[in-house]
Amino acid sequence: MEEKELITRDWLAIDRTKMANERTFLAYLRTFMVILGSGVAIVKVEVLKDLTGLGFFFIALAPVILGFGVLRFLYVRRHIHKYYKERS
């Protein structure tokens with residue numbers, strides 16, 4: 001079976017997919033920053049002394065979210081590159 005060369009529409013679809021992957025990574029980054037900031041605020045504010053455990057949980061959870069986001073971004077980027085490199 002003969003492979004067809006990609007046309008402009010296909011290249012635009014690839015670019016949209018790459019940008020969607022970047023937006024998803026930025027959402028993970030934004031979530032990381034909010035969770036980390038919330039954890040630090042809970043730990044530092046004296047009025048919230050009863051919630052200190054929750055603050056430390058948030059601080060520990062934030063790097064996990066960031067790590068998952070980075071790994072997912074790299075996995076999807078590699079998958080997109082591999083799939084379309086084979087087709088072009």
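Predicted model: local features only at pLDDT ≥ 70, side-chain atom pairs only at ≥ 80, totals over all residues.
Local features require pLDDT of at least 70 and side-chain atom pairs pLDDT 80 or more, while totals for chains, interfaces and linings use all residues. Residues are numbered from 1 along each chain as its sequence is written, and side-chain values use heavy atoms, without hydrogens and water.

The chain holds two helices and zero strands (DSSP runs, H or I of at least four residues for helices and E of at least two for strands, numbered from the N terminus). Its radius of gyration, taken over C-alpha atoms, is 20 Å, well over the 12 Å that the globule rule (2.2 Å times the number of residues to the power 0.38) gives for 88 residues, so the chain is more spread out than a compact globule. Along the principal axes, the C-alpha atoms fill a box of roughly 70 × 20 × 10 Å.

Of the 88 residues, 16% are buried (under 20% relative accessible area, with exposed over 50% and partly exposed in between; 1.4 Å probe, protein chains only). Beyond its neighbours within four places in sequence, Phe 58 is in contact (heavy atoms within 4.5 Å) with Ile 35, Ser 38, Gly 39 and Ile 42.

Asn 21, in helix α1, counts as buried at 5% relative accessibility. Leu 48, by contrast, sits in the loop between α1 and α2 and is partly exposed at 31%.
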